Amino acid sequence: MHVLLDRPGAVEAEGPDAGVAAHYGDPHREQRLLAEGLAVVDLSHRGVVTVSGPDRLSWLHSLTSQQLTDLPPRRSTETLILSPKGHVEHALHLVDDGERTWITTEPGAAPAVAGWLDSMRFMLRVEVEDVSAAYAVLGEPVSRESVDGEPVAWVDPWPGPVGDTFSYGPEGAEHPGTGRAWRELIVPREDLAATVGDRPLAGTWAAEALRVAAWRPRAGVDTDHRTIPHELDWLRTAVHLHKGCYRGQETVARVKNLGRPPRRVVFLHLDGSGHVIPETGAELTPLDGGRPVGQLTSVARHAEDGPVALALVKRTLDPGLTLLADGTAAAQTAIVPADGPRARQS
């Protein structure tokens, strides 16, 4: 199914990105090409779900965390499916073409997303379909929305802020995600190779390095069964604070008003002097010893910054502490602050 794995030099990724290439022989060169806007990434392992019918946007609006009722055609947005207690279950990359709503999901999540949505249809005029077998996704360093006559594309709104929301981390040029161009192009699977054309391919290692450097959370990678959006500063692009009722809304409102999520995301620079860097899932402890204070969620090798990571840590952790992950020193940069005073309405 993943035809681009046949390209010269392709090395298949492991973990959540299994099925597509981690790299094509030179991850750092691929990352530089991607950052320069020249390369394309095979994301054909992502799921694709469509929702059709006249009630589709108002119905999705009632079920998820983002304002969708007035979404114009070809305007990209992001929305979350939360549990009744406000935990992140799925992140939906969503764009409507005027006739159908297109959703891309994390690899392997499309059946669960489509199944849950289908179970919530009741008497509304909507049809849900998992079309992952027919459509594939390509990642491009492009910030432009698609127009009529082009394949549908989802443009990443990160770091926003988007709409009536709330952010914990920096805004504008102070945020490292500002200026990162990224979109997901949805194309028929038989057109995948032709759409790539003669553009150079970059693997998921390169794309993940740029994502981590932009502090961009990823569902199923930076989340676990307890994650709420506030912990990852995810309100800024995925949550509208004054829309109608939806599942998990009470937790979103309560934690936003308190200003202190139970855990918080940090960005880490890892010591790259050794040949091995810690793996995702490694526990974090203070440099001078003690109990674990958090866990690595994303680890990447950045072409300029070296080994970097995202981690979830206890809210009360001293932001100035140097940490250890499997014996590797890690220097923190706070994203969600420990004391909450930087939190603000956007």
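**View 1. The second largest pocket of this predicted model has a volume of about 450 Å³.** A pocket is an open set of points, on a 1 Å grid over the protein atoms alone, where a 1.4 Å probe fits, with protein on both sides within 12 Å along at least five of seven lines, and its lining residues have an atom within 4 Å of a point; grid points are joined across faces, edges and corners, and the volume is the space filled by probe spheres set on the points. The lining comprises 29 residues, of which Arg180, Trp182, Ala207, Glu208 and Arg211 lie nearest the centre. Helix H5 (204-213) contributes the largest share of this lining, five residues; helices (H or I, at least four residues) and strands (E, at least two) are DSSP runs, numbered from the N terminus. Local features need pLDDT of at least 70 and side-chain atom pairs pLDDT 80 or more, while totals for chains, interfaces and linings use all residues. Residues are numbered from 1 along each chain as its sequence is written, and side-chain values use heavy atoms, without hydrogens or water.

**View 2. The largest pocket has a volume of about 890 Å³.** Among its 30 lining residues, Glu14, Trp205, Thr280, Val299 and Ala300 lie nearest the centre. Strand E1 (11-12), helix H1 (27-35), H5 and strand E16 (294-302) each give two or more residues to this lining, and H5 gives the most, with six.

**View 3. The largest nonpolar core has 28 residues.** Such a core is a set of buried Ala, Val, Leu, Ile, Met, Phe, Trp, Tyr and Cys residues joined through side-chain atoms within 4.5 Å, where buried means under 20% relative accessible area (1.4 Å probe, protein chains only). The members that touch the most others are Leu80, Trp234, Val239, Val252, Val265, Phe267 and Leu310. Strand E17 (306-314) supplies the largest share of this core, three residues. Beyond its neighbours within four places in sequence, Phe267 is in contact with residues including Val212, Trp215, Leu310 and Ile335, contact being heavy atoms within 4.5 Å.

**View 4. Helix H3 (residues 110-119) has the buried residues Ala110, Val113, Ala114, Trp116 and Leu117.** Viewed down the axis of H3, these buried residues fall within an arc of 165 degrees, so they line one face of the helix; the arc is that of the directions from the helix axis to the C-beta atoms. Their cover includes strand E4 (47-52), helix H2 (56-63) and strand E8 (127-130). Ala114 and Trp116 also belong to a second, separate core of 19 residues, which includes Leu57 and Val126.

How values were computed: Buried means under 20% relative accessible area, exposed over 50%, partly exposed in between (1.4 Å probe, protein chains only).
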